[in-house]
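I opened the model and kept a notebook of what I looked up. The entries follow in the order I made them.

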Amino acid sequence: MITVDLHSHTLHSHAKDSTAAMCEAALNKGMTIFGLSEHSLRPAGFNYPTDYQPRLELGFPSYIMEVQEQQQELLGRMKVLLALEMDYIPSKLAFAKKACKAYLYDYVIGGLHFLGNWGFDFSASDWDQLSLDSCFKHFARYYKDLEAMCRTGLFQIAAHPDLIKLFRPDAFRQWLERDDARALIHKALSAMKEMGMAMELSSAALRKGLFEPYPGPVLMEMAAELELPISFGSDSHAVGHVAYAFEDLAACALRFGYTESVWFSQRVMQRKSFI
């Protein structure tokens, strides 16, 4: 049974529920370790067409205090971790470095949501108009950026490492058949391993109606061959998302030979069996 969920959000960004409510849901789902990993602020010019950034800027100090309150309130019942999901933007590394050091986070999740100024996970309509060749170019850029993200040394976990497939999963499956695609992915996963990171196995894709978690079997097989540690996350944005489909994540991890996941305290990797 998986009892660790390291990826969750609150109403301070675009999630629906409070910090306390998310913790209560995690406790009720049997979590023994729960990470609150609110989104980061982003540099100017990197926005979705509709965005939560103004609300997050106002509420972020409250988020920090609320997590600290939950850590004390739930002491001895569930370990609550303070974390951040940092939007990695290659041209704004100084911004990320400052944000990652602003508070004593237990861990920082590196997330890729932008290719250049384009928030690629916002709208299916952005992808509907793209040719297969254009999709392939975006997939390749994503994994080059993912490798660069890992090599910064700023992050402990790489979030949803094939998020780029979200709106064009069929095209992504075709791209995965290419040798050059697998080489790019292997380089990114190797960078995670070399930098002491974990790869997130996330149920968010299942919640969004995809046929497999983030990541799918090709990446899971590569990760297992590299003996790359994995972490579990729901990427929850409401109390009903916490620990979503974790039985499916456990089955997936076991299929590729994993029997434990990792979590982080004060950025130091810890291991926990889920069998």
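Entry: I started at His160, in the loop between strand E7 (157-158) and helix H6 (169-176). Helices (H or I, at least four residues) and strands (E, at least two) are DSSP runs, numbered from the N terminus. Phi of His160 is positive, about 20 degrees, although the residue is not a glycine. His160 is buried, at a relative accessible area of 2%. For burial I used under 20% relative accessible area as buried, over 50% as exposed and the range in between as partly exposed (1.4 Å probe, protein chains only).

Arg267 is another non-glycine with a positive phi, near 70 degrees. I found Arg267 in the loop between strand E10 (260-265) and strand E11 (268-273). Arg267 counts as partly exposed, at 30% relative accessibility. I noted both since most residues other than glycine have a negative phi, and most peptide bonds are trans.

I then looked up a cis peptide bond, which joins Tyr214 and Pro215 with omega about -5 degrees. Pro215 sits in the loop between helix H8 (204-207) and helix H9 (217-226).

**Entry: ground rules.** This is a predicted model, in which local features need pLDDT of at least 70, side-chain atom pairs count only at pLDDT 80 or more, and totals for chains, interfaces and linings use all residues. Residues are numbered from 1 along each chain as its sequence is written, and side-chain values use heavy atoms, with hydrogens and water left out.

**Entry: helix H1.** Which residues of H1 (residues 19-28) are buried? I listed Thr19, Met22, Cys23, Ala25 and Ala26. They span an arc of only 160 degrees around the axis, which puts them on the same side of H1. The arc is taken from the directions from the helix axis to the C-beta atoms. Glu24 and Asn28 are exposed on the other side of H1. The buried residues pack against strand E2 (33-39), helix H2 (53-73) and strand E3 (79-87), where contact means heavy atoms within 4.5 Å. Gly30 follows H1 and has a positive phi, near 90 degrees.

**Entry: the sheet.** I traced an open sheet of seven strands with parallel pairing, in the order E1-E2-E3-E4-E7-E8-E9. Strand E1 (4-5) and strand E9 (230-233) stand at the edges with a single partner strand each, so one side of each has no neighbour in the sheet. Two strands pair if DSSP finds at least two bridges between them. E3 and strand E4 (residues 107-111) have five bridges, in the parallel sense. Asp87 has Gly111 of E4 as its bridge partner.

**Entry: cysteines.** How many disulfides does the structure hold? I found zero, taking a disulfide as a pair of cysteine sulfur atoms within 2.5 Å. For Cys100, the nearest cysteine sulfur is that of Cys150, 13 Å away. Cys100 is buried, at 1% relative accessible area.

**Entry: aromatic rings.** My search of the whole structure gave 21 aromatic pairs. Rings of Phe, Tyr and Trp (its six-membered ring) pair if their centres lie within 6.5 Å; planes under 30 degrees apart count as stacked, over 60 as edge-to-face and the rest as tilted. Phe46 and Phe114 form an edge-to-face pair, 6.2 Å centre to centre with 80 degrees between the planes. Phe46 lies in the loop between E2 and H2 and Phe114 in strand E5 (residues 114-115), so the pair ties together parts 68 residues apart in sequence. Phe60 and Tyr63 have ring centres 5.3 Å apart and planes at 55 degrees, so this pair is tilted. Both lie in helix H2, three residues apart.
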